[in-house]
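Work through the exercises below with the structure open. Try each task before reading its solution.

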Amino acid sequence: MERTIAADFVRRLHSLSGRILPPSPEPTDDSGKDYMLYHAVSAVTPYLAGFPGVTIRPALIDPIDWVDDWPVVRGGYGPSDTPQPAPAAQPWQYNSYQTRIRPDDLPGARIASLSDEF
């Protein structure tokens, strides 16, 4: 089921324009792990020095984990901002990424002065 959802999502994403195609239909490494490839802008140094208004947008890659048959980035922890294990780029390589599932948020203590009575 996971592969069907990922492949369908990628096909729909690419069919929006039909002008830009990836090298493969699914962002999967040689060990079978799914990945998300994207661009981001640093909150610390967003602009290219000497070019006002031009943002630095490096390509980033993070693993996709499947939680309850739903794709989440890095087990629900979201995009990384530190170095991560590299995908397996060759058939003889292995992927050292270890899935950690983010626990569900728990409700905090009720603040009586901010709560309605309904």
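## Salt bridges and strands

A search of the whole structure, a predicted model, finds two salt bridges.

**Exercise 1.** Find the partner of Lys-33 and say where the two residues lie.

Solution. Start at Lys-33. Its salt-bridge partner is Asp-65, with the closest N and O atoms 2.5 Å apart. Lys-33 sits in the loop between α1 (2-15) and β1 (35-39), while Asp-65 belongs to strand β2 (residues 59-67). The pair is 32 residues apart and links distant parts of the chain.

**Exercise 2.** Decide whether Lys-33 and Asp-65 are buried or exposed.

Solution. Buried means under 20% relative accessible area. Lys-33 has 18% relative accessibility, so Lys-33 counts as buried. Asp-65 has 2%, so Asp-65 is buried as well.

**Exercise 3.** Trace how β2 pairs with β1 and with β3.

Solution. Take β1 and β2: they pair in the antiparallel sense over five bridges. Here Tyr-35 stands opposite Pro-63 in β2. Then take β2 and strand β3 (residues 70-73). This pairing is antiparallel too, over four bridges. Trp-66 stands opposite Pro-71 in β3. Finally, look at the turn. β2 and β3 form a hairpin with two residues between them. Asp-68 in this turn has a positive phi of about 55°.

Technical notes: Residues are numbered from 1 along each chain as its sequence is written. This is a predicted model: local features need pLDDT of at least 70, side-chain atom pairs count only at pLDDT 80 or more; totals for chains, interfaces and linings use all residues. Side-chain values use heavy atoms; hydrogens and water are left out. A salt bridge is a side-chain nitrogen of Lys or Arg within 4 Å of a carboxyl oxygen of Asp or Glu. Buried means under 20% relative accessible area, exposed over 50%, partly exposed in between (1.4 Å probe, protein chains only). Two strands pair if DSSP finds at least two bridges between them.
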